[in-house]
Amino acid sequence: MNRVPAFRGAARGPGQPVLPRVSPAIGLVLAVVVVCATHRDGSALPPGFPTERPLPAQIVGESEGSPNPFAGATVTRGPYLQCATPTSIVIRWRTSIPTDARVRWGRTAGRLDVRVSSVAVTTEHEIIVTGLDPGTRYWYSVGTGFGQLAGDPTCAFVTPPPVGSAQPVRAWIIGDSGEAGPIQGSVRDAFLAYTGSRGADLFLMLGDNAYGEGSDSEYQAGVFVPYALPLRQWTLWPTRGNHDGVYSGANNDYYDFFSLPAHAEAGGVPSGTEAYYSYDYANVHFVCLDSEGSDKSPGGAMVTWLRADLSATSQQWVIAYWHHPPYSKGSHDSDTESDLIAMRQNVVPILDALGADLVLCGHSHSYERSFLLRWHYGLSTTLTSSMKVDSSDGRRNGNGPYVKPVPPRTPSAGIVYTVAGSSSKTGGGSLNHPVMVSSQDVPGSLVLDVNGSVLDVRFLNSAGVVADSFTVVKAGVASVPADPARGFSIVGISPRPSHGPVELSYRLPYPGRVKVAIYDAEGRRIAKVADGDEPAGERRVRWDARDAAGSPIVAGVYFAVVELAGERRVARVVLTR
Amino acid sequence: MAAMLSFTREAAWLASWEQHPGLGTRERRSRALRRTGRRHGMEFRSPSGAGAFHDGSLGGRVSRNRVYSMAIRFRTLVILFAVALPGAEAGAHMAPHARVDALTLDLARRPDDWRLWIERAQAYLEDGHPTAALSDLDRAEALAPRRPEVPLERGAALLALGLATPADDELTTAIERAPSDAEAHGLRARARIALGRPREAAADFQRAVELSERPSPDQFLEWSRALAAAGAGRIDEALRVLERGLATLGESFALVEEGVRLECAHGAYQAALERIERHPTAWGSSAARRARGADVLRAAGREIEAQAEYSAALAELEAAPHRHAARASSLENRIHIALRQGPPVAAGP
């Protein structure tokens with residue numbers, strides 16, 4: 001498989017043959033077949049959505065005039081988008097025969113004036129495009145050094161906005177979607193009609209992406225053909241379900257098909273595995289967990305990583321997703337099945353404590369959606385009123401949105417849990433879990449919209465009707481008192497290092513009694529520098545590098561300590577003589 | 001209706017059987033895949049395909065292409081019946097207890113099929129009934145005495161019952177019959193941990209990693225922990241396993257943190273600090289790295305230095321360009337608490 005960073009030249013995967021470069025001056029490029037995957041069920045696309053159409057063969061690039069060793073090559077999978085960041089994206093595709101690879105892109109549909117190539121000859125192509133601008137639409141094509149194979153106007157993407165920005169975000173979320181057929185098609189088309197030219201920014205799959213065993217052919221039929229159009233425009237961030245099997249050999253299972261940010265390429269903390277990962281999009285931190293194959297115990301790698309990842313993020317919204325739901329009475333029962341219980345007992349408490357907002361799961365082939373919930377780690381019969389942060393319906397046109405507090409980040413402020421496993425089939429069950437506001441045995445998908453401090457989720461059924469919705473609002477900053485210590489800091493120490501007197505500057509967020517002292521590395525106080533009431537704002541004090549007795553102190557590392565109302569800030573001071 | 005349902009299950013079984021000899025329904029294939037190393041967080045994909053049911057041994061990988069076209073024909077049949085019979089659809093996606101029920105029906109018609117007995121044992125095990133699983137495995141063994149799947153599943157069931165000694169015996173038998181089964185090594189390692197034999201467990205964990213096509217952070221963690229449990233003399237070895245994991249997987253927070261934790265537990269605070277510095281990207285941010293360093297300094301009794309690091313981490317967080325005004329990170333809150341809770345520095349002159 002090619003895995004080539006842009007601008008870094010060509011790379012060759014282990015064991016892959018490389019054809020010799022053909023001189024551009026030799027011969028003519030022969031036929032280049034342009035293939036774009038199309039809807040196989042013949043369903044009509046909604047008005048306003050770009051239509052797919054094969055383009056005529058094009059001959060582009062520096063190899064023009066050379067004999068084309070890849071004549072007859074077609075794109076049999078993709079192109080599809082992975083691992084988007086504000087400045088980069090991964091483009092993947094499969095060809096019918098081994099070829100080299102080239103991606104061309106640009107800001108105008110007809111002018112793809114930047115390119116990156118790989119001379120590695122393979123059928124599995126993976127090119128990392130870098131140097132992009134945030135929040136910008138790009139058009140692209142894929143092909144070989146001898147011509148374009150796919151690149152019609154539907155091959156376009158928008159890079160994510162800068163991390164932390166409050167840009168509108170739309171995600172399309174499907175679960176248990178991997179059974180090709182009329183239900184899958186109607187769910188897909190309902191969303192395409194609903195979103196129209198708005199499209200989506202992210203595309204999430206909640207597992208069981210390809211029935212029945214997640215084999216290569218099943219992924220082709222259940223994912224890459226029916227979702228060809230979304231996949232070439234919206235970055236897919238999947239998780240793995242119990243039907244997404246793993247197989248020996250190359251290029252034949254979930255982990256081979258997808259390029260996922262194991263090393264925090266798109267934000268978060270590096271997990272070291274594609275099984276679970278996190279990424280940032282605008283002001284949302286997404287966490288994808290693996291409830292299928294990874295250790296779910298508190299001491300396991302995934303849960304250890306989750307704690308660190310959630311602790312580190314300062315994003316306004318945190319959305320977690322995985323396959324096995326912690327709460328469900330659909331075709332699977334969260335009171336009796338071990339995977340579901342383990343996620344509820346080991347993962348949900350961390351999400352509660354570290355302030356997640358929304359959990360998305362599949363597995364049960366139904367739609368189920370909770371109220372704003374916390375602290376519920378036992379059986380469904382153990383639900384108590386203290387666990388209900390807000391038991392209303394959360395609907396704009398019902399009881400009104402759920403309201404969550406903002407700073408400081410509040411533990412256990414409540415999470416809404418959804419099960420959306422009916423994107424290609426429905427499955428029954430009692431559908432009577434007591435935490436659920438809505439439980440429906442109908443096909444559909446989720447539409448997530450985040451707009452600044454407002455999060456909306458809609459369950460869109462296969463008829464295109466919004467069959468449930470809820471809204472979560474983060475209350476205004478002014479409505480919650482800020483942490484009084486925020487902004488209290490040591491601004492600087494100069495000079496660094498110092499041969500004599502040292503000037504220390506610090507910022508006080510509010511007036512109060514301030515103590516400034518110097519300590520040595522063993523924690524012994526060497527000198528008092530200041531002790532008295534001071535107004536808010538930036539202050540400066542001078543230490544003459546002498547101890548309490550007035551004697552010059554020896555060279556070494558010391559620590560300046562500034563205290564304000566029980567808060568302490570410490571900075572290192574290096575003295576040389 | 002019952003006859004049609006039965007026929008549908010049969011068709012599904014045939015479709016799957018054509019694709020994966022040795023299996024029952026498509027769900028069973030999935031279960032078999034899970035069985036190859038999914039238990040308790042292990043997920044192995046042996047280069048040899050170890051773990052997939054296959055005539056002869058656990059070591060062969062099924063060729064799908066050979067029988068693909070026939071399978072498609074059967075699958076079409078299955079889909080047709082699945083559409084016609086809503087109840088039958090669940091056969092491929094059942095909850096464990098429902099799968100037990102379905103397999104019980106299958107076994108009533110084909111009681112001599114050892115695969116079905118193993119499948120039901122797996123379903124029982126997943127449903128939390130290891131004793132029932134053992135009973136089914138006895139039946140499977142009577143029908144197929146030399147199959148490696150039987151002792152493997154029996155070992156898993158015995159482990160679930162907390163019976164580590166017989167589990168170890170069964171898993172040893174499984175390994176004798178299929179030496180390249182990564183899951184069998186991983187399960188036996190756990191049995192040996194339970195038996196207080198961490199050195200032998202470590203050897204099994206190592207073998208499991210070596211047999212896995214795609215090792216996971218969990219596997220390196222377990223291997224390292226087994227070595228650490230073998231005594232203070234093997235701490236360096238345990239740390240080397242973590243380094244090997246990082247070399248194999250790339251940066252992984254869980255492995256770096258395990259090394260820091262292990263070194264701190266043995267008083268090697270300076271080594272822990274150096275480890276933190278060696279892995280600057282493992283923490284997600286410079287502030288998180290500094291805060292972890294501050295934790296280690298505090299544990300080492302270097303309080304004033306710890307407070308300096310906490311302060312620096314806090315200053316970085318407060319100055320971060322992407323910091324959302326409406327949300328402090330949990331890290332930020334934690335550092336505030338750490339600075340408030342830190343022991344007072346010593347009074348001086």
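The model is predicted. Chain A has 577 residues, of which 63% are buried. It carries 6 helices and 30 strands. Chain B has 349 residues, and 60% of them count as buried. Its make-up is 18 helices and 0 strands.

In chain B, the share is 58%.

## Helix packing

Two packed helices are described by the angle between their axes and the distance between the axes.

| Helix pair | Axis distance | Angle |
|---|---|---|
| H10(B) and H11(B) | 8 Å | about 160 degrees |
| H12(B) and H13(B) | within 7 Å | roughly 170 degrees |
| H5(A) and H14(B) | within 8 Å | roughly 90 degrees |

Take H12(B) and H13(B), the helices of residues 217–229 and 235–249. Their angle makes them roughly antiparallel. On the H12(B) side, the residues that meet H13(B) include Phe220(B), Leu221(B), Trp223(B) and Leu227(B). Among their counterparts in H13(B) are Ile235(B), Val241(B), Leu242(B) and Leu249(B).

H10(B) spans residues 182–194, and H11(B) spans residues 198–211. This pair, too, is roughly antiparallel. The crossing of H10(B) past H11(B) is left-handed. The H10(B) side of the contact includes His185(B), Arg188(B), Arg192(B) and Ile193(B). The H11(B) side includes Glu200(B), Asp204(B), Phe205(B) and Leu211(B).

The remaining pair brings the two chains together. H5(A) covers residues 301–312 of chain A, while H14(B) covers residues 253–265 of chain B. The two helices are roughly perpendicular. Ala301(A), Thr304(A), Trp305(A) and Ala308(A) of H5(A) meet Phe253(B), Ala254(B) and Glu257(B) of H14(B).

Arg292(B) belongs to helix H16 of chain B, residues 286–299. Is Arg292(B) buried or exposed? Its relative accessible area is 16%, so Arg292(B) is buried, the limit being under 20%.

## Aromatic rings

Over all chains, the structure holds 28 aromatic pairs. One of them joins Tyr254(A) and Tyr255(A). The ring centres are 5.1 Å apart, the planes stand at 90 degrees, and the pair is edge-to-face. Both tyrosines are buried.

Trp543(A) and Tyr558(A) form another pair, with centres 6.5 Å apart. The planes meet at 65 degrees, so this pair is edge-to-face. Trp543(A) sits in strand S28, residues 537–543, and Tyr558(A) in strand S29, residues 556–564. The pair therefore ties together parts of chain A that are 15 residues apart in sequence. Trp543(A) and Tyr558(A) are both buried.

Ring pairs also build a cluster. Its members are Tyr80(A), Tyr219(A), Phe224(A), Tyr254(A), Tyr255(A), Phe257(A) and Phe258(A).

Which residue lies over the face of Trp375(A)? That residue is Arg374(A), at 4.0 Å from the ring centre. Lys425(A) lies over the face of Tyr211(A), at 3.7 Å from the ring centre.

## Backbone details in chain A

The bond from Gly78(A) to Pro79(A) is one of them, with omega near 5 degrees. Pro79(A) is part of strand S2, residues 75–85. The bond from Ser494(A) to Pro495(A) is also cis, with omega near -10 degrees. Pro495(A) lies in the loop between strands S24 and S25.

Positive phi values turn up in residues other than glycine. For Asn251(A), phi is near 55 degrees. Asn251(A) occupies the loop between strand S10 and helix H4. Its relative accessibility is 23%, so Asn251(A) counts as partly exposed.

For Ala545(A), phi is near 60 degrees. Ala545(A) is in the loop between S28 and S29, the strands that hold Trp543(A) and Tyr558(A). At 0% relative accessibility, Ala545(A) counts as buried.

Key:
Residues are numbered from 1 along each chain as its sequence is written. Chains are lettered from A and ligands numbered from 1 in the order in which they are written. This is a predicted model: local features need pLDDT of at least 70, side-chain atom pairs count only at pLDDT 80 or more; totals for chains, interfaces and linings use all residues. Side-chain values use heavy atoms; hydrogens and water are left out. Rings of Phe, Tyr and Trp (its six-membered ring) pair if their centres lie within 6.5 Å; planes under 30 degrees apart count as stacked, over 60 as edge-to-face and the rest as tilted. Buried means under 20% relative accessible area, exposed over 50%, partly exposed in between (1.4 Å probe, protein chains only). Helices (H or I, at least four residues) and strands (E, at least two) are DSSP runs, numbered from the N terminus. A charge sits over a ring if NZ of Lys or CZ of Arg is within 6 Å of the ring centre and within 35 degrees of the ring normal. Axes are lines fitted to C-alpha atoms, for helices over the stretch in contact, and angles run from 0 to 180 degrees between N-to-C directions. Angles under 35 degrees count as roughly parallel, over 145 as roughly antiparallel, 65 to 115 as roughly perpendicular and the rest as oblique. A crossing is left-handed if the near helix is turned anticlockwise from the far one by less than a right angle, and right-handed if clockwise. Contact means heavy atoms within 4.5 Å.
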